[in-house]
Amino acid sequence: EAAAFGRHPDGRALGPVDLCVQAPATITLRLPAELAAGCELVAAAVLDPETGAEGTLQVAIHAGEPPAADGAADDPRSNRLNPAAPILITPGSAAERRVAAALDDFRQLFPPALCYTQIVPVDEVISLTLFYREDDHFVRLMLDDEQRQRLDRLWEELRFVSREALATVDAFAQLMEYATQDADPSAFEPLRQPIHERAAAFERLLVECEPKQLQALVDFAALAYRRPLADREAAGLRELYDRLRGEGLAHDEAFRLTLARVLVAPAFLYRIETPSPGPNQAPLSDWELASRLSYFLWSSQPDDELRQLAAAGRLHEPAVLAQQAQRLLRDPRIRRLAEQFACHWLQIHDVAHLDEKSERRFPEFADLRAAMAEESALFFTDMFQNDGSVLDILDADHTFLNEPLARHYGIPGVEGSRWQRVEGVKQHRRGGVLAHAATLAKQSGASRTSPILRGTWISEVLLGERLPKPPPGVPPLPDDEAATEGLTVRQLVERHVSDPDCAVCHRRIDPYGFALEGFDAIGRFRETDLADRPVNTRVTTFDGVEFEGLEGLRNYLLTQRRDDFIRQFCRKLLGYALGRSVQLSDEPLLAEIEHELAASGYRTSVAVEAIVRSRQFREIRGLEHAVEE
C-alpha cells in the first residue's frame, strides 16, 4: 500500500521510498512475474536510530507465501531467535552489550559442536584435526581433580599412541599442496611453525620413552611368568632388544620381537611348578601357590593382592591362603569357576553353540540356546559367590531368567532381556540343574528326547558311576519320536534293551531318564510327546525305589544317593583344583571334605577352603616320585 511508505509508525515523515514497521512484522510484496524474471530481490534493513537504537532485529526474505505464524524460529513474525540468521544491533548500544553477554553465557554452557554440526571435516580429503577434544564443560561441571587428571592422561595416551603430532605434519604438507593449486596458501602459513615444533617435541619424547618402554616390557614379563624374573631372564630380554636395534631395527619392531619372546616362553605358556629333587613332597613356593589358587578359582593369573602376599612370603600360611580363597570366591571373577569347572563337569559348557537340534521340530531353539547356557552360568556363579549349598545343584528353588527363557519355561512375571533371580520355581516344575534347559537339551537327540543319554548322564556325571561301553552291533533308535511305529520313546527303549547283556546297565540308567520324559528335547515341560501320546514318568530304580517325574527323581538323589552325589562333587572339584586325576592317596582328604561339608550345611566355601588348606594343594611331589609315575 502506497500509504505505508514515507511514514514512521509514530507519524513522522521519512524518505519517500522508506518503509518503517514495528517488529515483529511481515511485509508482503507482490511483483509481476515478467518484472521479477531473471532478477534478484535486494533489501536493506536498519534499526531506526531514534526508536530502535536499543532494539535487536533479524530479517528474512521468503519467495512465495510466508510461513504460518506458529512461533517457529524461522517465522519472521516470531520473537524466537533464529541461529542461522545474523542479529542487527546498533554499534556501541546497551543492546549490543546485552546480546554479547547472553551469547557468552550460552557458549559457557553449550560446546560449539551443538552450534556447528561439523567442526572436524569427515568428508574432506585432508584434515589437520585427527582427534577433536571438547570436554571442557564436562570436566568443569562433573569431574573432581583426580578424575580430571585421569581424563587428561587418557587423552595424552591417545595422542601418543596415534602419533597425532607426526600425522598432522603430513596432513599439513598435503593441505599446502592443494592450497597452492587453486587458493591462497597464506592463510595456512602461520600454522607451519607450531605444527613442526610440536612434531619435533613429540619425536624427542619418543626417544625419551624408549628405555621406559623397555623397562615396562621387562616388568610385564614378570607378570606374564607369574613370578619375579631371574637376573639372567631380565638381562636376556634386554640383550635381545639391544641386538635387534644393533641390526638396524627401529624401536617399535625390536620391542615387538622382544615381547614375542616373552609370549612364547614356557614360563608364560605353562604353569611350571618345581618339584623337590628327592622322593618326598615339598611345599610349593609362595608364587606357585598364588598361581595355583588364582587358576583354581579365577582361571587366570594372580591379582595384585596375591602377588603382594607372595612377595612378602606369607601365602604359604594355611590361614592366609584360606582367607584369600574366601576373597576370590566373593569376587565377580568367580564366574570363571562356574563356567570352567561346573559347566564343564556337567557337560553343558558348549550349549550356547549347540547346533544339532532339528530346525523343523524346534525352530525356537537357536534363539534360546545362549540364554539356556547363561542361566546355568549365572546359577553356579551365584552359588559360589554367595556360598550356596552344594545340594542346591539338585534342590534349588530359584534360578536366573530373562523374559525369553521364562516364557519357554512358562514362568510369569519376568519381563525384558535383563537377567534376574527368580524364586519359587519348583511350583513351575523347575529347580536345580535337572530342570535346566541346558542340561535337558544337551542330553537329548536332534528331534526327540533320549532317556538313555539322560540316565547315563545322571549315573556317570552326577553320581560318579562307571558304566561299561555298550556292546557292538546294537541298532539305533529312530531319530524322530513322531515316527516310532506307534510306540513312545520309553516303549522303544524298553523293547530295545531286552538283550540280557544290555539290561544290566539299562536297569540302572533308564529309570533316571524315564523320570525326565516330562521334558522335551529342548527342555520344555510336556504331558504328551510329539505324536500326542501321553508320557509316562513313573519308574522303579534298580534298588527298588519307586517315584514319579522330576520331583521324585530329585528326592531320590537327595536321600538315597546323597552321599554318592556329594562324593562326586568333591572328587571333581579336587581334581580341578589340583589339575590332575584324583588318586587313591587322596581318599582321606575326600572323606575329610565330605565330613566338613555335612557339618556346615554343605556350604561350597567349606569344600574350597578344605582343598586349599590340604597338603595336596600346598605341596608338590618329589622329582623321583614323579619320574616313577
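Visitor: At what angle do helix H6 and helix H7 pack, and how far apart are their axes?

Guide: Helix H6 (residues 164-182) and helix H7 (residues 192-225) pack at an angle of about 150°, with their axes 8 Å apart. This is a predicted model, in which local features need pLDDT of at least 70, side-chain atom pairs count only at pLDDT 80 or more, and totals for chains, interfaces and linings use all residues. Residues are numbered from 1 along each chain as its sequence is written, and side-chain values use heavy atoms, with hydrogens and water left out.

Visitor: Why are H6 and H7 called roughly antiparallel?

Guide: Angles under 35 degrees count as roughly parallel, over 145 as roughly antiparallel, 65 to 115 as roughly perpendicular and the rest as oblique. The angle for H6 and H7 is about 150°, and therefore the two are roughly antiparallel to each other. Their crossing is left-handed.

Visitor: Which residues make the contact of H6 and H7?

Guide: Contact means heavy atoms within 4.5 Å. On H6 the contact residues include Leu 166, Val 169, Phe 172 and Met 176, and on H7 they include Ile 195, Ala 199, Phe 202 and Leu 206. The contact divides into nine nonpolar, two polar and four charged residues. Here Ala, Val, Leu, Ile, Met, Phe, Trp, Tyr, Cys and Pro count as nonpolar, Asp, Glu, Lys and Arg as charged, and the others, Gly among them, as polar.

Visitor: What makes H11 and H13 roughly parallel?

Guide: Helix H11 (residues 286-297) and helix H13 (residues 318-330) pack at an angle of about 30°, with axes 10 Å apart. H11 and H13 are therefore roughly parallel to each other. H11 passes H13 in a right-handed crossing.

Visitor: Which residues of H11 and H13 meet?

Guide: Leu 289, Leu 293, Ser 294 and Leu 297 in H11 meet Leu 321, Gln 324, Ala 325, Leu 328 and Leu 329 in H13. Seven of these residues are nonpolar, two are polar and none is charged.

Visitor: Why is Arg 163 called partly exposed?

Guide: Buried means under 20% relative accessible area, exposed over 50%, and partly exposed in between (1.4 Å probe, protein chains only). Arg 163 has a relative accessible area of 31%, so Arg 163 is partly exposed. Arg 163 lies in the loop between helix H5 (145-162) and H6, and has a positive phi of about 55° although it is not a glycine.

Visitor: What makes Asp 387 partly exposed?

Guide: Asp 387 has a relative accessible area of 25%, which means that Asp 387 is partly exposed. Asp 387 sits in the loop between helix H15 (365-385) and helix H16 (392-395).

Note on methods. Axes fitted to C-alpha atoms, helices over the stretch in contact; angles between N-to-C directions. Helix = DSSP H or I, 4+ residues; strand = E, 2+ residues; numbered from the N terminus. Left-handed = near helix turned anticlockwise from the far one by under 90°.
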